[in-house]
Amino acid sequence: MADTGTTTPRERYRAQVRAEVKERAWEQIATAGASALSLNAIAKQMGMSGPALYRYFAGRDELITELVRDGYRSLADAFRAAADAGAGLSGLAHVLRDWALEDPQRYFLVYGTPIPGYHAPDDITTIASEIMTALLDACAGPLTEGLPSGRPPSGGTDTPLAAHLEGLGERWTDGRPASPAALGRALTCWTRLHGVLSLELAGHFAGMGFDPAQLFAAELESLTGAADA
């Protein structure tokens, strides 16, 4: 909620209009996808002219950026809250799934097919690095911790993947170092869990007769075991 003691009526009105524009944008995305987003159509729905709406958003890309930024920020905040409460890798994985199921359109805007012609600004990467930092922190302990008995840990120190990831940690975490082993484990978990989530949210499990939550749980256990849940 805006602080009415430090903002002017004009600023509050501008914030309200921008918030409504974003709500209308999500409605469009749910109906036709992000690539079909149209500020002129939103202006018509709101009883405004196109030029009038462009006083609040300079163009489609600025609006998309706001939506993507909001999406990343909400997940980063959820990860941080869970990590501050002591959640391990399994806890963060369930936060990710809950966040995705809460708003599938938001999930696909952030992690789905890139929008043709759209390029996110650098500050989006900075927010995304907060998510990866929380994930890497959860993966930074002993590699055998929480893994099923007899199962080799992913992201070992002497694998081709570890060699490939050498020195990449600071790019993922906005300058914070991370070991290749932690990077490998985090990358493996991140890609496999997103694979299950993307298929579930896109409806590819429909009609197959099983509960996707059980598949997600089994995949998570195969990655981490039950010990760090």
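# The largest pocket

Helix H4 (60-84), H6 and helix H7 (122-138) each supply at least two residues of the lining of the largest pocket, and H7 gives the largest share of that lining, with three residues. Helices here are DSSP runs of H or I with at least four residues, numbered from the N terminus. The model is a predicted one, in which local features need pLDDT of at least 70 and side-chain atom pairs count only at pLDDT 80 or more, while totals for chains, interfaces and linings use all residues. Residues are numbered from 1 along each chain as its sequence is written, and side-chain values use heavy atoms, with hydrogens and water left out.

How much space lies in the largest pocket? The pocket holds about 270 Å³ of space, a volume being the space filled by probe spheres set on grid points that are joined across faces, edges and corners. On a 1 Å grid over the protein atoms alone, a pocket is an open set of points with protein on both sides within 12 Å along at least five of seven lines, a cavity is a set where a 1.4 Å probe fits but cannot get out, and lining residues have an atom within 4 Å of a point. The lining of the largest pocket is made up of 13 residues, and Val68, Tyr72, Leu109, Val110 and Ala120 are those that lie nearest its centre. Sorted by class, this lining has ten nonpolar residues, three polar ones and no charged ones, where Ala, Val, Leu, Ile, Met, Phe, Trp, Tyr, Cys and Pro count as nonpolar, Asp, Glu, Lys and Arg as charged, and the others, Gly among them, as polar.

# The second largest pocket

In the second largest pocket there is about 200 Å³ of space. Its lining includes Ile29, Gly33, Ala34 and Ser35, together with Gln105, Phe108 and Leu109, and also Gly112, Thr113, Pro114, Ile115 and Pro116. The largest share of the lining of this second pocket, three residues, comes from H6. Seven of the lining residues are nonpolar and five are polar, whereas no charged residue takes part.

How many cavities of 30 Å³ or more does a search of the whole structure find? The search finds one, and the largest cavity has a volume of about 50 Å³.

The residues that line the largest cavity are Phe79, Leu89, Leu92, Ala93, Leu96, Leu135, Cys189, Trp190 and Leu193. H5 and helix H10 (180-201) each supply at least two residues of this lining, and the largest share, four residues, comes from H5.

Helix H1 (residues 9-32) and helix H6 (residues 104-111) have axes that come within 10 Å and cross at roughly 85°; axes are lines fitted to C-alpha atoms over the stretch in contact, and angles run from 0 to 180 degrees between N-to-C directions. H1 and H6 are therefore roughly perpendicular to each other, a label for angles of 65 to 115 degrees. Trp26, Ile29 and Ala30 of H1 make the contact (heavy atoms within 4.5 Å) with Gln105, Arg106 and Leu109 of H6. Four of these contact residues are nonpolar, one is polar and one is charged.

The axes of H5 and H6 come within 5 Å and cross at roughly 110°, so H5 and H6 are also roughly perpendicular to each other. On the H5 side Trp99, Ala100, Leu101 and Glu102 meet Pro104, Arg106, Tyr107, Val110 and Tyr111 in H6. This contact of H5 with H6 has seven nonpolar residues, no polar ones and two charged ones.

# H5 beside H11

Helix H5 (residues 89-102) and helix H11 (residues 212-224) have axes that come within 11 Å and cross at roughly 150°. H5 and H11 are therefore roughly antiparallel to each other, the label for angles over 145 degrees. Leu89, Ser90, Ala93, His94 and Arg97 of H5 make the contact with Pro212, Ala213, Phe216, Leu220 and Thr224 of H11. The residues of this contact divide into six nonpolar, three polar and one charged.

Conventions
Angles under 35 degrees count as roughly parallel, over 145 as roughly antiparallel, 65 to 115 as roughly perpendicular and the rest as oblique.
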